[in-house]
Amino acid sequence: MTHEQDRGGRGAGHVLLFPFLAQGHLIPFLNLAKRLESIGHRGGTGQRRLEVTIVSTPRNVAGLRRAVPAGSRIGFAELRFPPSDHELPPDVESTDVIPLHDFPAFYFATELLRPSFEALLTELAGRQGRESVCVLADVFLGWTAESARAVGVQHRVFLTSGAYASAVTFSIWLRPPAFPRPADPADEQPLDDFPDVRVRYAEFLNVIVTEDHATNPMLAYLRRMVTLNFRHSGGLVMNTSEEIEPKGLRLIRKLSGLPTFAVGPLIGGRTPPDDDGTAARRDGDESEDACIKFLDSKPAASVLYVSFGSQNTIPAAQMTELARGLEASGRPFIWAVRPPVEFDGDEEFRAEWLPAGFEDRVAATARGVVVRGWAPQVGILAHASTGAFLSHCGWNSVLESLWHGVPVVGWPLLADQVFDSRLLEEELGVGVEVASGRVFGGLCKGWEHVRDAVETVLGDGDKARDMRRKATELKRLVRAAVSVGPDGEVMGSSVLAMERLLDSAFD
């Protein structure tokens, strides 16, 4: 274990950030660290210095260091991780490099970090004072709330998913609704915690994974982590804003009984996944050049960006239907492809997974760009020619689309993603769903449905215009939420929430 020496001195607030070991969690934690570093802490008697340290395993720390800007004062603490104790490869330190069926073992293995984390926490509390340390940990590391209470320091839990999706998902985990058997995918049941929220059977299975939830060890682990957080933590920190999710924040407050601090959206750049950075940066530069050149050649708001995230993908049969639908739509697109879910995600992408001649045809007509692997998502969404985003509706991607005012064609795959898609379509009015989940064949209706959904969002109809109008308004609202006026006094709702968070932790 290594730790950079504190710079704030005794009496300065020290926030210890501990993300779950996955790219989709590391990114928002890094963005939170940058936000904390940038605003410091404005107390009633003047500004107090705030120290920020990110805790993770050696490989993850190495990647995070490369993503921190020069001159940053963000510190890092490394904890050794022995996943081989759970029959995982010895060098695995992130879910990004393991198949989906190994996820439960990986989640269980993260508790092996507890002794070294508690040693770090005890040392910091003894050196800086217990009142000067606050742990801000991932919801999937609920045992850190017990650790913090035992050491006598403050604890807050950071949810990297949205408030609405978190509330619905946690409710399903804790008190699963009872569906009749056999059940139809469209059958609905209300949630015990929120009777006005109804969940379809297909959505339920995508969250619970298996109907035998009473003996499911993964579900038991998730329930325990959520319960530990609700029981021992001092509050929930949310990567959202009051403007985006008033209903979701109301639900999560009711479920948890804890104070909530909506400090988002936390938006930052994305970097390609890599080991030493060199090859990935070179490939990333080439992908970015091709994508931006393509966008520069197209009219405003005309291009569809397609990506299922850094870790998700769809079956080969659905990939073929998606390709046929994109081609039939006649709309320009950029598609970041990964191997189908039936294959190893580390394989080179094969042309045979797409319709014969597809890539040649779209390239010859300048109709599309197929990017193998990483694509410059933030740069694509920020470009004026991008008109819509076909997305798996992971929360980081949702926030980036809202930040840039881009409507979404939803194709959620797992867990909270199905409720993010519902939020975009039913609550915010900036999304339309084309398929959902992995059970029942993902309820994918074929290439014609893809074609029609793309036209709905990128076309000239009333719904397309209404979605673009709402997306533009949401862009204004989410940026205002994190803004500070030129005099430093006029602050957005999320900036004020951050101030309340720090006051609650250190005052």
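Mentor: One definition first: axes are lines fitted to C-alpha atoms, for helices over the stretch in contact, and angles run from 0 to 180 degrees between N-to-C directions. Keep in mind that this is a predicted model.

Trainee: At what angle does α11 run to β14?

Mentor: Helix α11 covers residues 316-329. It lies across β13, β14 and β16.

Trainee: What is the bridge partner of L304 in β14?

Mentor: Strand β13 spans residues 303-307, and β14 spans residues 333-337. The bridge partner of L304 in β14 is F333.

Trainee: And in β15, what is the bridge partner of F333?

Mentor: Strand β15 holds residues 368-372 and runs parallel to β14. The two strands are joined by 5 bridges. The β15 partner of F333 is G368.

Trainee: How many residues of β14 are buried?

Mentor: Buried means under 20% relative accessible area. In a regular strand the side chains alternate between the two faces of the sheet. Here F333, W335 and V337 point one way, I334 and A336 the other, and all are buried. The count for β14 is therefore 5 of 5.

Trainee: What order do the strands of the open sheet have?

Mentor: The open sheet has 6 strands, with parallel pairing. Its order is β15-β14-β13-β16-β17-β18.

Trainee: Which are the edge strands?

Mentor: An edge strand here pairs on one side only. That picks out β15 and β18.

Trainee: By how much are neighbouring strands of this sheet turned against each other on average?

Mentor: Direction is ignored for this value. The average turn is 20°.

Trainee: Which residue in β17 does F389 stand opposite?

Mentor: Strands β16 (residues 386-391) and β17 (residues 408-410) run parallel. They are joined by 3 bridges. The β17 residue opposite F389 is V408.

Trainee: Is G405 buried or exposed?

Mentor: G405 sits in the loop between α14 and β17. Its relative accessible area is 18%. The cut-off is under 20%, so G405 counts as buried.

Trainee: What separates the C-alpha atoms of G405 and A471?

Mentor: Along the chain these two are 66 residues apart. Leaving aside residues up to four places away in sequence, G405 touches A471 and K475. The C-alpha atoms of G405 and A471 are separated by 4.6 Å.

Trainee: How many of the residues of helix α15 are buried?

Mentor: Helix α15 is residues 417-427. Its buried residues include Q417, F419, R422 and L424. Their cover includes α6, β10, α7, α14, β17 and β18.

Trainee: Which residue with positive phi follows α15?

Mentor: Its phi is near 70°. The residue is G429.

Trainee: How many aromatic pairs does the count come to?

Mentor: Rings pair if their centres lie within 6.5 Å. By this rule the count is 23.

Trainee: What is the angle between the planes of F20 and Y107?

Mentor: This aromatic pair has its ring centres 4.5 Å apart. It links distant parts of the chain: F20 is in the loop between β2 and α1, while Y107 is in helix α3, 87 residues apart. The pair is tilted, with its planes at 35°.

Trainee: Why does F20 count as buried?

Mentor: Buried requires under 20% relative accessible area. F20 counts as buried because its relative accessibility is 0%.

Trainee: What kind of pair do the rings of F349 and W353 form?

Mentor: F349 is buried at 9% relative accessible area, and W353 is buried at 4%. Their centres are 5.2 Å apart. Planes over 60 degrees apart set the class. These planes are at 75°, so the pair is edge-to-face.

Trainee: What share of the 507 residues counts as buried?

Mentor: The chain has 18 helices and 18 strands. It exposes about 20200 Å², of which carbon and sulfur atoms supply 51%. The buried share of residues is 56%.

Definitions and conventions
Residues are numbered from 1 along each chain as its sequence is written. This is a predicted model: local features need pLDDT of at least 70, side-chain atom pairs count only at pLDDT 80 or more; totals for chains, interfaces and linings use all residues. Side-chain values use heavy atoms; hydrogens and water are left out. Buried means under 20% relative accessible area, exposed over 50%, partly exposed in between (1.4 Å probe, protein chains only). Helices (H or I, at least four residues) and strands (E, at least two) are DSSP runs, numbered from the N terminus. Two strands pair if DSSP finds at least two bridges between them. A crossover is right-handed if, with the strands pointing away from the viewer, the path from the first strand over the helix to the second runs clockwise. Contact means heavy atoms within 4.5 Å. Rings of Phe, Tyr and Trp (its six-membered ring) pair if their centres lie within 6.5 Å; planes under 30 degrees apart count as stacked, over 60 as edge-to-face and the rest as tilted. Accessible areas come from the Shrake-Rupley method with a 1.4 Å probe; for residues, only the protein chains shown count as cover.
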